[in-house]
Amino acid sequence: MTTQTSVVHDLGTLAHRLSHPARTPCVCEPPQVLADRPDGTVVRSGTIVAKAHAADTDREALAARIALAAAPQLAGILLPPLPAPAPAARTARPVTLWPLGAPVDPTDPGAAPWAEAADLLARLHRTEPPFPLPPMRGPAKAARAVARMRAALRAGTTGLPGVPAALSDDVTAPPRVPAVEPRDPAALSVLAGWRALPLWARGEVPAPARRGGFLCHGDLHLGQLVRHPAPDGPWLLIDMDDAGVGDPAWDLGRPAAWYAAGLLAPEDWSVFLNAYRSAGGPAVPADGDPWPALDVPARALTVQTAAVALAKCAAEQRDPDEHEQLMIESCARIATLPPELATGTAS
């Protein structure tokens with residue numbers, strides 16, 4: 001049994017034990033693997049979801065983030081965790097437990113809860129941090145995506161991935177390889193867009209004070225919402241791995257990037273932005289042009305999405321699809337813009 005297989009087995013056993021009533025005949029379905037990546041293995045049994053986090057996770061920071069999800073101030077905004085026993089020793093990965101929620105249906109774009117997502121974000125951003133928290137990991141995650149792209153191309157092959165598949169964003173630490181720049185034209189566009197970002201958006205220096213101090217999710221996309229209790233409960237935000245304090249505009253960056261690239265319909269973007277403003281979200285002004293606040297995060301999330309795409313296409317030996325190509329082309333456009341825009345769109 002491989003190490004990764006044993007992690008899946010242990011998570012399934014743990015979730016089943018907690019979900020199944022003691023001393024009753026077992027008629028449960030086998031545990032279901034919801035995700036199995038180095039940065040997060042997720043297994044469901046009954047109404048329990050068990051997650052093994054990355055082996056290199058900062059456990060103190062993770063504990064603070066899980067405590068945030070359990071904080072009374074965040075009730076109705078974040079899905080609260082369940083008490084978790086110690087993980088199996090051989091996994092060497094921290095484990096958290098969660099109640100099962102009903103996710104967004106990826107086959108029904110018209111039912112996407114853009115207004116609900118915006119309302120949850122605004123409420124999160126307006127909440128005072130209940131205790132000290134680590135920085136939101138958005139810029140660091142973008143930097144890791146670019147490093148992963150470089151590593152994948154250095155390992156040999158070519159390629160790129162994008163948005164509709166971005167309900168999950170597999171950004172893991174890349175292998176250590178020499179920092180040789182790729183020659184692929186698409187990768188050069190991504191790197192040019194990356195270099196055009198200010199240092200704080202690349203995780204190289206702290207964010208300016210005016211952008212910091214707010215509670216942030218750190219990795220907002222539609223895959224981070226579930227209804228709980230399933231199937232018809234209210235929408236809640238999940239996945240605290242990147243949460244912390246920082247610039248609230250980062251949480252609007254991915255929808256803004258999709259809109260700027262033509263992947264999110266203007267009417268959906270309007271619903272999202274107007275709902276965020278109506279709920280008093282602090283990331284953008286209450287009226288007027290939102291792009292001075294959203295420009296840098298949107299560009300950073302464009303680069304991150306395209307970099308992850310390039311790494312995946314390299315591994316899968318394929319060319320980018322239509323949606324992926326749009327994100328690459330957005331990187332080429334943003335590379336021509338100054339580091340911080342006063343007005344205008346993100347691409």
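This is a predicted model: local features need pLDDT of at least 70, side-chain atom pairs count only at pLDDT 80 or more; totals for chains, interfaces and linings use all residues.
1. Contact here means heavy atoms within 4.5 Å.

2. Numbering starts from 1 along each chain as its sequence is written, and side-chain values use heavy atoms, with hydrogens and water left out. Helices (H or I, at least four residues) and strands (E, at least two) are DSSP runs, numbered from the N terminus.

3. Now the geometry of that pair. Helix 4 (residues 138–154) packs on helix 8 at an angle of about 30 degrees, and the axes are 8 Å apart. Axes are lines fitted to C-alpha atoms, for helices over the stretch in contact, and angles run from 0 to 180 degrees between N-to-C directions. Helix 4 and helix 8 are therefore roughly parallel, a label for angles under 35 degrees. The crossing of helix 4 past helix 8 is left-handed, meaning that the near helix is turned anticlockwise from the far one by less than a right angle; clockwise would be right-handed.

4. Next, helix 3 (residues 114–126) and helix 7 (residues 266–278), which pack at an angle of about 30 degrees with axes 8 Å apart. Here helix 3 passes helix 7 in a right-handed crossing. Helix 3 brings Trp114, Ala115, Ala117, Ala118, Leu121, Ala122 and His125 to the contact, and helix 7 brings Asp268, Val271, Phe272, Ala275 and Tyr276. Sorted by class, that contact holds 10 nonpolar residues, one polar and one charged.

5. On to the cores, meaning sets of buried Ala, Val, Leu, Ile, Met, Phe, Trp, Tyr and Cys residues joined through side-chain atoms within 4.5 Å. The largest nonpolar core has 83 residues, and Leu78, Leu225 and Leu237 have the most contacts inside it. Helix 8 (residues 291–316) supplies the largest share of this core, 14 residues. A second, separate core of 11 residues includes Leu14, Ala50, Val95 and Leu97.

6. Leu225 deserves a click in the viewer. Leaving out residues up to four places away in sequence, the residues that Leu225 touches include Ala102, Pro103, Val104, Pro113, Ala117, Leu120, Trp235 and Leu237.

7. Two cis peptide bonds to look at: His228 to Pro229, with omega about 0 degrees, and Ala230 to Pro231, with omega near 5 degrees. Pro229 sits in the loop between strand 7 (225–227) and strand 8 (235–237), and Pro231 is in the loop between strand 7 and strand 8 too.

8. Asp239 has phi near 70 degrees and lies in the loop between strand 8 and strand 9 (244–246). Gln317 has phi near 55 degrees and belongs to the loop between helix 8 and helix 9 (322–334). Asp239 is partly exposed at 22% relative accessibility, whereas Gln317 counts as exposed at 58%. The cut-offs are under 20% relative accessible area for buried, over 50% for exposed and in between for partly exposed (1.4 Å probe, protein chains only).

Notes:
Ala, Val, Leu, Ile, Met, Phe, Trp, Tyr, Cys and Pro count as nonpolar, Asp, Glu, Lys and Arg as charged, and the others, Gly among them, as polar. Angles under 35 degrees count as roughly parallel, over 145 as roughly antiparallel, 65 to 115 as roughly perpendicular and the rest as oblique.
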